[in-house]
Amino acid sequence: MNRSISSRRAWLRAAACTVALCGSLASVHAQTYPTKPIKLVVPFPAGGATDVLARVIGEKMAASMGQPVIVDNRAGAAGIIGTDAVAKAAPDGYTIVLSLSNSLLTNQFLYEKLPYDPQRDLTMVYQIAAAPLVLVVHPSVPVKTAPELLKYVSANKGKVAYGSYGIGAYPHLAGAHMSLTQQADMNHVAYKGEAPMITDLISGQIQMAFASALVAKPHIEAGKLRAIGVSGERRMSVLPNVPTLAEQGLKDEAYRVTGWLAIAVPAKTPQPIVQRIADEVRKATQQPDVQTRIAAMGFEVKDSSPEAFAAAYKQERPVWERLIKQSGAKLE
């Protein structure tokens, strides 16, 4: 019995030493990190808002960390290809992803065969910005406020069409929620991107859509589209006179959530390295010129951290799951 207890104590001491050694090595590694270029994967095509933001932040991080930050565009399958590549990369801090909430959160509820599990295979590092959208209508729609729009779509059952830039994207989910709650039987038209959606909205082929401020603002100012309200909890700095939908009484969670842009790394990346990356991203996004660029894109800068991001993710996850289930959206 005594021999058994002694053996167990020896095993526990050895295990404790191993854990301490691993922690010490991780700490040493973090202190010297980075010692080579960092690959910043953007799972979308070059030239888009996510890519532009990655290059702006990557440049600031490189100057601060003393190593190049190389943007690697791996587009395809709604961000799945590039995000999956990062999920399967070595957890050493040298392969990170800057992506949208679709590939980091909502795709897990939308796709039946997602090749990675965001919660199991990735560590969320830093929420860079919220990405609220503006609800716009064709000028022929005789409404100016959100409550008026709800009454209009309800009174014109089956006659209103709304656009989105993809099945399961926020414009689809929010439009589906409006249709269901107002019993409006609206028609959903999914486009291969935001540009063709806006083109059809301007021409009157569809009557309403949620769109990015970056794309919609010039058409709003030209009178080709009418802004009804913005999603999220705060007004957009680029559209300060457009009230939020919540301000107008649309307090459903579908109208209060927003998409976002964020940094993630492979799961099991040492915590000191995760924190270093978060600190560097925060340092970059707090610089005035970067904040100006982010605001110009219609995004709202977040002051985040790994802990704050984890808490926000946990809170939003069931909301998005409900919205996707409610919409009936499902992709293979």
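Helices (H or I, at least four residues) and strands (E, at least two) are DSSP runs, numbered from the N terminus. Residues are numbered from 1 along each chain as its sequence is written. The model is predicted: local features need pLDDT of at least 70, side-chain atom pairs count only at pLDDT 80 or more, and totals for chains, interfaces and linings use all residues.

An α-helix has 3.6 residues a turn, so residues three or four places apart point the same way. Glycine 223 follows helix 9 and has a positive phi, near 80 degrees.

Helix 4 (residues 101–110) packs against helix 13 (residues 306–327) at an angle of about 35 degrees, with the axes 9 Å apart. Axes are lines fitted to C-alpha atoms over the stretch in contact, and angles run from 0 to 180 degrees between N-to-C directions.

Glutamine 108 is placed in helix 4. Its side chain takes part in two pairs of N or O atoms, for which the polar-contact limit is within 3.5 Å:

| Side chain | Partner | Distance |
|---|---|---|
| Glutamine 108 | Side chain of tyrosine 313 | 3.1 Å |

Not counting residues up to four places away in sequence, glutamine 108 touches residues including Leu114, Asp117 and Arg317, where contact means heavy atoms within 4.5 Å.

How values were computed
Heavy atoms only, no water. Polar contact = N/O pair within 3.5 Å; in protein donor to acceptor, adjacent residues only side chain to side chain.
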